[in-house]
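Hi,

Here's the structure I promised to pass along. Have a look at it first, and my notes follow below.

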Amino acid sequence: MTVQAWTFVLVGLSFALYIGVAIATRANSTKEFYVAGSGVSPLANGMATAADWMSAASFISMAGLIAFRGYDGSVYLMGWTGGYVLLALLLAPYLRKFGAYTVPDFVGDRYYSQTARIVAVVCAIFVSFTYVAGQMRGVGIVFGRFLEVPVEIGVVIGMGIVFFYAVLGGMKGITYTQVAQYCVLIFAYLVPAIFLSLMITGNAIPQFGLGGVDLESGTFLLDRLNGLHEELGFAAYTSGTKSTIDVFFITAALMVGTAGLPHVIIRFYTVPKVRDARISVGWALMFIALLYTAAPAVAVFARTNLLNTVSEQPYAEMPEWFTKWESTGLISFEDRNGDGLIQFVGPDARDATGASIANELTIDQDIMVLANPEIAGLPNWVIGLVAAGGLAAALSTAAGLLLVVSAAISHDLLKRGIKKDISERGELIAARVSAGVAVVIAGYLGINPPGFVAEVVAFAFGLAAASFFPAIILGIFSKRMNREGAILGMISGITLTAGYIVYFKFINPAANTAEYWWFGISPEGIGTLGMLVNLAVALTVSRFTPPPPEEIVHMVNRIRVPRGAGAAHEISA
Amino acid sequence: MTDTPETPATVGGPDGKNPRAGDYWRKNLQYLGILLAVWFAVSYGAGILFVEQLNRIRIPGTGFPLGFWFAQQGSIYAFMVLIFVYVFLMNRLDQEFDVDEGGE
């Protein structure tokens, strides 16, 4: 069977599975729609959280990013896992005890303020939409390359699936579909990783293969790769090129951003008890770590294979995968010295006479994971499996994000905002309609992606880090924190972060170099500074403004102890 | 379903003046301090600030420079362990102070 036939079969089977699960788990009440009736077991919730969290960026892009950046890619590995420690220790148990439906719910009630609620709603919607656009883009790439259908049709099919189970099933449907999607995506990620590890190092566990001996050369794989890098004029793989302060700030922004992302936080409202929320974060991180510890191994295997396959080889003899990706525009070759061979070299490459060698090959880092099995010559079914896994990662995250948007509109804006007398049935209809509209907008963004999806993702993390995270932490850990402090803190954190990113990414991209950055912090890492400013402003302002009312102090006292969590409910404010 | 009514024995009850409430919270903060210190040490410490010094050391029998290993593998394993240790400590603390959700 051809790659395309295998892809059709495996993607088709996985889609049928998701639809089957969705039909079996339809939501009948707002509580089921928003938080799956708070009846999800911690293990299932952990698995769903892992699928929710691991997006097209984790599945498709991350190993490629690491393959091209070496040590500098560590920011994603540490940043996107370390946030779970913060979630487990500082957020999840307390938010579960509070027992609301959404993140703006907590912010609005804790700070007894509609303004705070609205600021939170706007942030939640913005963060979620920027993210969804990236997922739909991932769906488009997979369909375009493997099924060879136009990107538009790919996105429409993906939208149709998400529409079906998110609108019908709400959180309940999404949760159980995500459990299925996790199984598909982790299987699809690990099978090629194990194959590659066996081929290159003879060790079946990729995490150990990474530190193992390369069978071909008999030296340690990492030493061999460092050697290849030196030969070809790239920076050493195991040490980075970014400044220490920038690595520090980017890692922190990603960690704190992870802990502040509404679609992740909301998952811990779905378990029955506080102790379930705590352990559930542990399960989630364990399921995530299965992929995240394999990713750096996949990156090294991919990098080594790529260099071996293309470096100094005749262009005319490149295998089929090379020409197929070339036709998507994600690989491009220009024979600058006219020797018919591919020179894939770094900035420091020199020939025998000491003259510099020009690089002739440009590879989009996003294709590494998808192209990896083909580069290594793995069986066709593995390639089809990777396509199905990429789609599972993109769709599961998209669904989780769409739910946040839908809840923000039907619950935070209508029920708790402008139309308080809305009936349960009315709210459920509103939730479904807004989920439907959100799917269509997301699909539009997927077909006509703004050229700056990658930039915008930095935005999403930066804003989550600079807004939600400090507001929630202070709301739990400081009884003195009041409305004025929280709102001014959020506004100053967001303004600083957004201003910095907009300036360097959109207004004056030419100045986007370390020379002009504050303290050498890149726009990707500025969310950390935004968070610190938010904390400082909030703490200062709250000292000079009236303390929160007594019932809020009691509420904080209640949040701090597990007993009495019950099911998710409306706090009577 | 609504909140289970809080009994007077509940730590940090509605009056917030239960003396044991303070102890429970202080102990919690103490755990957080220790666990977050480890969290910082394995990632920002070993993986970022001291990565170059640690890279001079190799994990015996493997090709891993130690700093690189912490940045791309070790920190993630440590994060998992930290969460499970936290869960264990807090479940024990909840029982000790009788604020667990046992019968609910």
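Which residues of H1(A) and H8(A) meet each other? From H1(A) the list is A:Ser14, A:Phe15, A:Leu17, A:Tyr18, A:Ile19, A:Val21 and A:Ala22. Across from them in H8(A) you'll find A:Ile161, A:Phe164, A:Tyr165, A:Leu168, A:Gly169, A:Gly173, A:Tyr176, A:Thr177, A:Ala180, A:Gln181 and A:Val184. That contact splits into 13 nonpolar residues, five polar and no charged. Keep in mind that this is a predicted model.

On the geometry: the axes of H1(A), residues 3-24, and H8(A) come within 8 Å and cross at roughly 125°. The crossing is right-handed.

Now the cores. The largest nonpolar one has 230 residues, and A:Leu185, A:Val298 and A:Leu402 have the most contacts inside it. H8(A), residues 151-201, gives the most to this core, with 23 residues. There is also a second, separate core of five residues, which includes A:Val561, B:Ala21, B:Phe97 and B:Val99. Back to A:Val298: setting aside neighbours within four places in sequence, it is in contact with A:Ala63, A:Ala193, A:Leu196, A:Pro206, A:Val369 and A:Asn372.

Last, the contact between the chains: it takes 48 residues from chain B and 48 residues from chain A. On the chain B side, helices H1 (19-49) and H3 (66-96) of chain B are the elements that give two or more residues, and H3(B) gives the most, with 16 residues. That side of chain B divides into 28 nonpolar, 14 polar and six charged residues.

Cheers

Note on methods:
Residues numbered from 1 in each chain as written. Chains lettered and ligands numbered in written order. Predicted model: local features only at pLDDT ≥ 70, side-chain atom pairs only at ≥ 80, totals over all residues. Core = buried A, V, L, I, M, F, W, Y, C linked by C-beta atoms within 7 Å. Buried ≥ 20, exposed ≤ 12 C-beta atoms within 10 Å, placed from the backbone. Helix = DSSP H or I, 4+ residues; strand = E, 2+ residues; numbered from the N terminus. Contact = placed C-beta atoms within 7 Å. Nonpolar A, V, L, I, M, F, W, Y, C, P; charged D, E, K, R; others polar. Axes fitted to C-alpha atoms, helices over the stretch in contact; angles between N-to-C directions. Left-handed = near helix turned anticlockwise from the far one by under 90°.
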